[in-house]
Amino acid sequence: MIIGIDLGTTNSAAAVWRDGKAELIPNSLGDFLTPSAVSISDKGDVLTGMAARERQATDPDRTATGFKRLIGTQEKVKLGKQQFLPEDLSSLILASIKADAEVFLGEEVESAVITVPAYFNEQQRRATQKAAQMAGLKVDRLINEPTAAALGFGIHELEKEHPFLVFDLGGGTFDVSIVEIFDGIIEVRSSAGDPRLGGLDFNEAVITLAAEQLGDSVKDLAKNPECLAIMREAAERTRRALSDHASADYKFVWKDEEYKTELFADDFEKQAEGLINRLREPVLRALRDGGIRAKELSEVVMVGGSTRMPIVRKAVTRLFGRFPNHSLHPDHAVALGAAVQAGLRSRNSDLKEIRMTDVCPFSLGIEVADYDQFGNVHSGIFAPIIERNRTIPTSKMQIFSTMSHNQKDIRFGVYQGEARNVSSNVKLGEIKISVPPKPAGEVQMECRFSYDVSGLLEVDIHVQQSGKKEQHILAAIPWKKMI
Ligand code: ADP
Ligand code: MG
């Protein structure tokens, strides 16, 4: 049996394709969402999901959340006396999802389609795969979250070219993607986002608002990390309540004293205005990069629990001049789409064949120097070779020449980013290649960049005059780190 899993930063969810449709799988508590949290109890037992999430405020030193942000790195997470790699923690979540799914389905779950953010690089994808293996799951396929979301909303059932905009506001991240289907191929046409914008930031807005109402003593309490954790928990509850009510209590207990105030949705809206404004730019950028006007979109689909906030829906409606599609619960769409893909993989006859492609979410190029119109040399200029949002795998070649007489070698940095000056981009490595000494401009170097879904950039250099060839493999960095 194969299932679809949305392995999220805040919450994970699973679904299965059966009887011609995608169906969510409840966990042992009967919930469709399993918090992506791991905690070690005082007795040394491993707790996952809600049991772990509840210990975040009370036992922060023994509880881990948000580790998806670290996956693919060797950064250890300390829980009590034990240390874990991020992939170990993800594996514990996957193992609990697998176990819960087996109980629900009454059969063994051997493999899964697992979703990852579109910008995940090779290391992050590999670490996710490793986490699944450790959990006893064969990874049938990793698919991008926006692609899964679009499948969840039925993009594969449409006949013609249909661009969807996937607006995903989760616990800590904001991702916008344009996903398109034509001729049975699903493609992420462009993606943009803000790695530091999600529900957690809106919780801070609640705390600021509440602290203003409660006065200076509470502002001081927020300086104490333990108390702040409790205040954040309270803010999360209040904010969720404000999604359904015009006002809600904000209350918490610290050192036997209760702090309480009533917050109004209107005030919250004003307080969160700065955060709401930050939703605009990535949307415009995804549209611009995808070469699509808002009115050409077939659907704007809402994904991620934070899009349950009315202020977010209002902002999206304003931005697009229409109501977004929320026929699915925003926090279930990715898992349901992963199950559609699982159905496709198991060659389920209810589903027609589709394929998927991706784009390179950033530009890749080298550092060059150039003359201006007055003959002055300017160095540190970024020359993109692979431009942002090209469909991958992609390979492009450009020719560069020497600038000085009898130059013996060419040295250059390889960068990713969008800025004109390399200093504002991310350096991936430096390459040096010897060239035959000749007058300036008479030695040509072919520089080929190849980039594929794995996130590895292959740089092939060929010096025409000497026939010298070199190959370098560099790892691109997901755009998250670049902001
Ligand atoms: P992720 O993709 O980060 O794993 P989710 O899509 O599950 O996360 O979104 C988690 C976020 O959704 C949390 O920050 C949570 O506060 C928010 N959220 C869930 N339900 C609601 C609600 N009813 N109102 C406001 N925010 C909500
Ligand atoms: Mg998510």
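## Helix 3

The expected span of a helix is 1.5 Å times one less than its number of residues, where helices are DSSP runs of H or I with at least four residues, strands are E runs of at least two, and both are numbered from the N terminus. In this predicted model, helix 3 covers residues 122-134; its 13 residues reach 18 Å from first to last C-alpha, close to the 18 Å expected at 1.5 Å a residue. G136 follows helix 3 and has a positive phi near 80°.

The buried residues of helix 3 (under 20% relative accessible area, with a 1.4 Å probe and protein chains only) are E122, Q124, R125, A127, T128, A131 and A132. Their cover, counted by contact (heavy atoms within 4.5 Å), includes strand 1 (2-7), helix 2 (86-105), strand 10 (111-116), strand 11 (138-144) and strand 26 (456-463).

## Basis of the model

Residues are numbered from 1 along each chain as its sequence is written, while chains are lettered from A and ligands numbered from 1 in the order in which they are written. Local features need pLDDT of at least 70 and side-chain atom pairs count only at pLDDT 80 or more, whereas totals for chains, interfaces and linings use all residues; side-chain values use heavy atoms, with hydrogens and water left out.

## Domains

The domain assignment, which is automatic or taken from a database, gives domain 1 (2-197 + 274-359), domain 2 (199-273) and domain 3 (364-473). Taken over C-alpha atoms, the centres of domain 1 and domain 3 are separated by 36 Å.

## Second largest pocket

A pocket is an open set of points on a 1 Å grid over the protein atoms alone, with protein on both sides within 12 Å along at least five of seven lines; lining residues have an atom within 4 Å of a point. Grid points are joined across faces, edges and corners, and a volume is the space filled by probe spheres set on the points. The second largest pocket holds about 400 Å³. It is lined by 21 residues, of which E367, V368, A369, I410 and R411 are the closest to its centre.

Strand 19 (364-371), strand 20 (377-386), strand 22 (394-401) and strand 23 (409-416) each supply at least two lining residues of this pocket, and strand 19 has the largest share, with six. By class, the pocket lining comprises nine nonpolar, seven polar and five charged residues; here Ala, Val, Leu, Ile, Met, Phe, Trp, Tyr, Cys and Pro count as nonpolar, Asp, Glu, Lys and Arg as charged, and the others, Gly among them, as polar.

## Cavities

A cavity is a set of grid points where a 1.4 Å probe fits but cannot get out. There are four cavities of 30 Å³ or more. The second largest cavity has a volume of about 80 Å³, and A118, E145, P146, D175 and S177 are the closest to its centre among its 13 lining residues.

Helix 4 (145-152), strand 12 (164-169), strand 13 (174-182) and strand 14 (185-194) each give two or more residues to the lining of this cavity. Strand 13 gives the most, with three. The cavity lining has eight nonpolar, two polar and three charged residues.

## Individual residues

K255 lies in the loop between strand 15 (247-254) and strand 16 (257-264). Although K255 is not a glycine, its phi is positive, near 50°. K255 is exposed (over 50%), with a relative accessible area of 68%. N406, in the loop between strand 22 and strand 23, is also not a glycine and has a positive phi of about 55°.

D460 belongs to strand 26 and is partly exposed (between the buried and exposed limits) at 22% relative accessibility. Not counting residues up to four places away in sequence, D460 touches E446, C447, R448, E470 and Q471. The C-alpha atoms of D460 and S450, 10 residues apart along the chain, are separated by 8.3 Å.
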